Amino acid sequence: MSLKGLRITKPRLELLESMGIFSPEDLLCHYPYRYEFLLRQMPSLEDERIICDGMIVSNAKIAYRRGLQSKMVFDVKIDDIVYHASIFNRHFMQAKLKVGQVVTIIGKLANLTSIVCSDLKLGALSDHPTI
């Protein structure tokens with residue numbers, strides 16, 4: 001059976017096909033980003049995305065840009081290496097981030113010492129098998 005047998009509009013059908021979804025089985029087996037099973041992936045410049053645990057070693061600082069946009073920066077220690085981490089528009093998390101706390105970082109290594117986070121979860125990766 002193809003997706004055409006389902007009640008899906010033509011623009012939606014084209015969008016699904018652009019995502020590599022051509023059958024109802026493909027649709028059932030497609031997991032959005034937030035539901036991917038996360039496996040530890042250490043920081044490396046070659047990787048598209050990193051997923052790792054780290055311990056916060058400095059207090060988070062907020063810089064506001066253009067009204068309500070914000071950038072939160074803090075230092076995080078991953079396997080005895082300290083990285084400068086930044087995440088955008090998560091200023092509400094500042095009060096929850098304490099020195100010595102373990103966090104799960106999902107992001108990209110910007111250079112050898114900096115990580116740009118796309119998501120930040122409180123607790124170790126083992127606490128979040130699916131996000």
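Okay, quick one before we start: the accessible areas I'll quote come from the Shrake-Rupley method with a 1.4 Å probe. With that in hand, the protein exposes about 8,600 Å², and carbon and sulfur atoms supply 57% of that area. Keep in mind that what you see up there is a predicted model.

So, the layout. We've got two helices and six strands. Of the 131 residues, 34% are buried. And if you take contacts with a separation of 6 or more, residues 24 or more positions apart account for 46% of them.

Now the inside. Which residues have the most contacts inside the largest nonpolar core? They're Met72, Phe74, Val76, Leu97, Ile115 and Leu120, in a core of 19 residues. At least two core residues come from each of β1 (50–56), β3 (69–78), β4 (81–88), β5 (102–111) and β6 (114–122). The largest share is from β3, with four residues.

Leaving out anything up to four places away in sequence, Ile115 touches Ile50, Ile78, Tyr83, His84, Ala85, Ser86, Ile105, Lys108, Leu109 and Ala110. Click on that one if you want to follow along.

On to the strand pairing. β5 pairs with β1 in the antiparallel sense, over six bridges. To find your place there, look at Ile50, which stands opposite Gly107 in β5. That's the Ile50 on the contact list of Ile115, by the way. β5 also pairs with β6, again antiparallel, this time over eight bridges. How many residues sit between β5 and β6 in their hairpin? Two. Over in that pair, Asn111 stands opposite Ser114 in β6.

Last stop, the surface. There's a nonpolar patch of about 280 Å², made by Met55, Val57, Val82 and Val102. Met55 lies in strand β1, and β1 is one of the strands that supply at least two residues of the core. So is Met55 itself buried, exposed or partly exposed? Its relative accessible area is 39%, so Met55 counts as partly exposed. Patch residues need over 30% relative accessible area, and Met55 has 39%.

That's the tour: a core of 19 residues, β5 paired with β1 and with β6, and a nonpolar patch that includes Met55. Over to you.

Terms used: Residues are numbered from 1 along each chain as its sequence is written. This is a predicted model: local features need pLDDT of at least 70, side-chain atom pairs count only at pLDDT 80 or more; totals for chains, interfaces and linings use all residues. Side-chain values use heavy atoms; hydrogens and water are left out. Buried means under 20% relative accessible area, exposed over 50%, partly exposed in between (1.4 Å probe, protein chains only). Contact means heavy atoms within 4.5 Å. A nonpolar core is a set of buried Ala, Val, Leu, Ile, Met, Phe, Trp, Tyr and Cys residues joined through side-chain atoms within 4.5 Å. Patches are made of residues with over 30% relative accessible area and no salt bridge: like charges are joined within 9 Å, nonpolar side chains (Val, Leu, Ile, Met, Phe, Trp, Tyr) within 5 Å. A salt bridge is a side-chain nitrogen of Lys or Arg within 4 Å of a carboxyl oxygen of Asp or Glu. Two strands pair if DSSP finds at least two bridges between them.
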